[in-house]
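Please look over the model shown here.

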Amino acid sequence: MGFDPEDDSLDLDFEAASMVTDIEDEDGIDRGGLDGPVEEATQLFAQTNVHDIPSSRYMEISAEEREAALQELHGALDLVHETPEFLESKLVDLEEATSPLNPFLEGYPQRKAYDLAVEQNSSYVKDLRLSFLRAEKFDVQKAAIRMFAHFETRSTLFEDPQVLGRDIRVSDFSSPDDKSLLERGFCQLLPHRDRVGRPIIFLYSPRPGAQAPYNFDSKLRIFFWMGLLATRMGEDIQRKGVVVVWHGISSKRKADALNGARYFTTMACMTSAVTSVHAVYDSPEVTKSFNTIVAKSDTSDYVFRFRTHYGPNIACLHSLMAYGIPRGSLPVNFDGTLRTDDYERFLFERAHQEKDDCNQGRKTDQAHDQPTSPPPHTAEDGTVPTSPPTEMDIICGRGQRGSKNPGNLLLKRLLVENASKYNKASRHGKAAVAQEIYAAMRQAGCRFLAPAEEARTAHDRYYVPELWKEVDEAAARNRIAHKFRNMRKTNS
């Protein structure tokens, strides 16, 4: 039987498709670790039945768009070369595209909220224009539509109309449902990034009976806010995009899949592009429902940006590593239960930061205590602070903050492998071993970072350094030698 691109009889009823409970082929579930885009596409259609994809929608996606989506899924980013002249030209084009006189967008139904935002605070809207252009690879018309949809979604999710002309704040989550869900950490912007430096937004679904029910609209509001915070982390993030991970081991919540369409609609209007999406579940029913919902999503290329990971928690975490997501980056224990230590620190610091900003009459435009344009500042020792740690950096200093960071774990592995060599070496030989390890870490792209200022709050357990400095080579080698000596004392 031939494949007719005009035959809509293949389309499934939306709700009926989302309630499918049986899997015809267990091996069709994608477990990651694919070798290339061709193999990925083959396995994708093994896990997502081609008949679940509306044929007319599939034909809307060009081969180039499919290839680009598959590459970005794995972190192979094709970043647009930006020059000041290029950016200025695109900003002028976007200004013309968003004009009410533009015939292409004249009478566009979703521009009302955008116009209200411009009326409230035109400079705030202008500050976001470049992020929308980057999210759409500088396609001006798509960026304009994304802007309109963003502010329309913002006005729908939040009751306060003033939220259109400023960044969203912790205080905007004032309802009991919002406050409860915000404190439980079911939606987090993680402190760690994937292997190419993209932020990770983490969505958690609790086990049945383990947590009180929650309002889905509240979770969607927090998710939307996390996307805006990710954008505020800097231009590099705007260019690379964001990764989203659903985690529902033992959850069996079909509601996650049923509401998946609203998540994807929200992703399509965020200030940063969501370039890679993963769902981790051990329920075949939920996994199948997710695949069907993605196939029916209004945003066509998410069919190629989405992966389900089916199986026990530890197996799924290993599967995510094939897509550049470090196993230790997700706030879940091996049994699938949620950790909120980092999130509690982040939420505490952000709430107090916003309170201080309001008291000083300044608007908040920071995310994770990192301003979009870092203000000129010098640490007490005269060093100029650098960007916050990534997952490949070595976090130096007291406490356990960096103990699970992938960079610290890599250093620990090298120390263990070279411990015998170090202990047997002469004094000068020991220095040479420390130098070799330092050189190996630097060659791998790792930095040795320490807090530039230990700005503590009233509660030490919420300590989060605001500024970081790079440790010089001599100090880094001394730290390596110190760790060798500590290992020898521990083993003696």
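**Packing and backbone geometry**

Setting aside neighbours within four places in sequence, Trp 225 is in contact (heavy atoms within 4.5 Å) with Ile 168, Arg 169, Val 170, Phe 173, Leu 182, Phe 346, Leu 347, Arg 350 and Glu 354. The model is predicted, so local features need pLDDT of at least 70 and side-chain atom pairs count only at pLDDT 80 or more, while totals for chains, interfaces and linings use all residues. Residues are numbered from 1 along each chain as its sequence is written, and side-chain values use heavy atoms, with hydrogens and water left out.

Trp 225 also belongs to the largest nonpolar core, which has 81 residues. A nonpolar core is a set of buried Ala, Val, Leu, Ile, Met, Phe, Trp, Tyr and Cys residues joined through side-chain atoms within 4.5 Å; buried means under 20% relative accessible area, exposed over 50%, and partly exposed in between, with a 1.4 Å probe and protein chains only. Phe 223, Trp 225, Met 226, Trp 246, Met 267 and Leu 330 touch the most other members. Helix H10 (residues 216-231) supplies the largest share of this core, 10 residues. A second, separate core has 21 residues, including Leu 410, Val 471, Ala 481 and Phe 484.

The backbone is next. Most residues other than glycine have a negative phi. Lys 137, not a glycine, has a positive phi of about 55 degrees, and Phe 138, also not a glycine, has one of about 65 degrees. Lys 137 is partly exposed, at 39% relative accessible area, whereas Phe 138 is buried, at 5%.

Terms used: Helix = DSSP H or I, 4+ residues; strand = E, 2+ residues; numbered from the N terminus.
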